[in-house]
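Have a look at the model first, then go through the points below.

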Amino acid sequence: MNTVESATRILDTMLGHLAIPATIETQETDDGPCLQIHSTESKIIIGRDGERLDDIQYLVNRILQRQVPKAERVKVDCEHFRTIREDQMAEEIREIAERVKASGKPFQMRPLNAYYRRMVHNTLVDDPLVESHSPAGDDRLKRITISAKKSPHTD
């Protein structure tokens, strides 16, 4: 059984124990495998601002890592909620970066989980004028700071 099959079985079992009727579609994305949940109970699965969906994804990956230690991370989405939200967030990140470049003032984002922090870093990695910093520590939610890169010629 491969990573995606294992993750699908874990997710299906979780939803079954919660008595939530759903079908799970496997998709391959640029970020790796995604399990797309289709359900009449999508609001329950997604939760407020996607928090429950984040928790489900976290649990699926934790259980998967226990079963298959070298398994790649699997994204869990419901009715394309995460995809739509990621598109909106990528746009927001680019807008913040433009404001930081224009003002020179750093911007601290709202608290984000590891998945969305990685998204911020990846969105800005190729921008030569801004950088993102995540505070150290084991907190689940952290505030990333986006700031202008120091020019090597200003010293």
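Just after H4, Gly104 takes a positive phi of about 80°. Keep in mind that this is a predicted model, where local features need pLDDT of at least 70, side-chain atom pairs count only at pLDDT 80 or more, and totals for chains, interfaces and linings use all residues. Residues are numbered from 1 along each chain as its sequence is written, and side-chain values use heavy atoms, with hydrogens and water left out.

**The helix**

- Helices (H or I, at least four residues) and strands (E, at least two) are DSSP runs, numbered from the N terminus.
- H4 covers residues 81-103, and its 23 residues should span 33 Å at 1.5 Å a residue; the end C-alpha atoms are 33 Å apart, so that agrees. The expected span here is 1.5 Å times one less than the number of residues.
- Its buried residues (under 20% relative accessible area, 1.4 Å probe, protein chains only) are Arg82, Arg85, Glu86, Met89, Ala90, Ile93, Ile96, Ala97 and Val100.
- The cover over those buried H4 residues includes helices H3 (51-67) and H5 (114-124), plus strands E3 (75-78), E4 (107-108), E5 (130-133) and E6 (145-148).

**The sheet**

- Three strands make an open sheet in the order E4-E6-E5, with antiparallel pairing; strands count as paired if DSSP finds at least two bridges between them.
- E4 and E5 are at the edges with a single partner strand each, so one side of each has no neighbour in the sheet.
- H4 packs on this sheet, touching E4, E5 and E6 (contact means heavy atoms within 4.5 Å), and its direction makes about 40° with that of E6. Axes are lines fitted to C-alpha atoms, for helices over the stretch in contact, and angles run from 0 to 180 degrees between N-to-C directions.
- H5 packs on the sheet too, touching E5 and E6, at about 160° to the direction of E5.
- E4 and E6 are joined by 2 bridges, with Phe107 opposite Ile146 in E6.
- E5 and E6 are joined by 4 bridges, and Val130 has Ala148 in E6 as its bridge partner.

**Charges over rings**

- Arg99 lies over the face of Phe107, 5.5 Å from the ring centre. The cut-offs are NZ of Lys or CZ of Arg within 6 Å of the ring centre and within 35 degrees of the ring normal.
- Arg140 puts its charged end over the ring of Tyr58, 5.5 Å from its centre.

Technical notes
Buried means under 20% relative accessible area, exposed over 50%, partly exposed in between (1.4 Å probe, protein chains only).
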